[in-house]
Amino acid sequence: MGRKYIFTDKHETKKGVMSTVLGVLSLTSIVLALYGTFQNQGEALVKYGAAVLFALLFALAGLVLGILSRMVQDRFYFFSYAGMTLNGLALLSIGFILYAGVYGL
């Protein structure tokens, strides 16, 4: 039997790719801020707080982009789901950091 090829004009959405990029940037910023805080014996510098604040904004924007890219019909959705997952993890980790800061661990 010969090979079967399926030709399609489907492609990834640009918003889905951007959502994934923003999710990776957010998680990387959070991890680096946590690492810097641990290296500083638990004292968070203002620059780490600013980095996490920007990560929060990026994660919110990335989550919105991921949801909007998933609403587009007849496309591939891998980057949409990956972006929503990464941005959701970033938001959850920021929420955990805030919770730990207010109530302690």
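The following paragraphs describe how helix α1 packs against two other helices in a predicted model, together with several individual residues.

Residues are numbered from 1 along each chain as its sequence is written. Because the model is predicted, local features need pLDDT of at least 70 and side-chain atom pairs count only at pLDDT 80 or more, while totals for chains, interfaces and linings use all residues, and side-chain values use heavy atoms, with hydrogens and water left out.

Two packed helices are described by the angle between their axes and the distance between the axes. Helix α1, which spans residues 14–39, packs with helix α2, residues 46–70, at an angle of about 160° and with the axes 8 Å apart; helices here are DSSP runs (H or I, at least four residues) numbered from the N terminus, and axes are lines fitted to C-alpha atoms over the stretch in contact, with angles from 0 to 180 degrees between N-to-C directions. The two helices are therefore roughly antiparallel, a term for angles over 145 degrees. In passing α2, α1 makes a left-handed crossing, that is, one in which the near helix is turned anticlockwise from the far one by less than a right angle. Contact, meaning heavy atoms within 4.5 Å, involves residues of α1 including Lys15, Leu22, Ile30 and Thr37, and residues of α2 including Tyr48, Phe58, Leu65 and Ser69. The residues of this contact comprise 13 nonpolar, nine polar and one charged, where Ala, Val, Leu, Ile, Met, Phe, Trp, Tyr, Cys and Pro count as nonpolar, Asp, Glu, Lys and Arg as charged, and the others, Gly among them, as polar.

The axes of α1 and α3 come within 7 Å and cross at roughly 30°. That angle makes α1 roughly parallel to α3, the term being used for angles under 35 degrees, and the crossing of these helices is left-handed. Among the residues in contact are Val17, Gly23, Leu27 and Leu34 of α1 and Phe79, Met84, Asn87 and Ile97 of α3. This contact divides into 14 nonpolar, nine polar and no charged residues.

Within helix α3, Leu91 counts as partly exposed at 22% relative accessibility, a class that lies between buried (under 20% relative accessible area) and exposed (over 50%), with a 1.4 Å probe and protein chains only. Leaving aside neighbours within four places in sequence, Leu91 is in contact with Leu56, Ala59, Leu60 and Leu63.

Thr13, in the segment before α1, counts as buried at 7% relative accessibility. A polar atom of the Thr13 side chain lies 3.1 Å from the backbone nitrogen of Gly16. When residues up to four places away in sequence are not counted, Thr13 touches Ser69, Val72, Arg75, Phe76 and Ser80.

Most residues other than glycine have a negative phi. In the loop between α1 and α2, however, Gln41 has a positive phi near 55°, and at 71% relative accessibility Gln41 counts as exposed. A positive phi, near 60°, is also found for Asp74, which is placed in the loop between α2 and α3 (78–103) and counts as partly exposed at 45% relative accessibility.

Key: Angles under 35 degrees count as roughly parallel, over 145 as roughly antiparallel, 65 to 115 as roughly perpendicular and the rest as oblique. A polar contact is a pair of N or O atoms within 3.5 Å; within protein, one must be able to donate a hydrogen and the other to accept it, and residues adjacent in sequence count only if both atoms are side-chain atoms.
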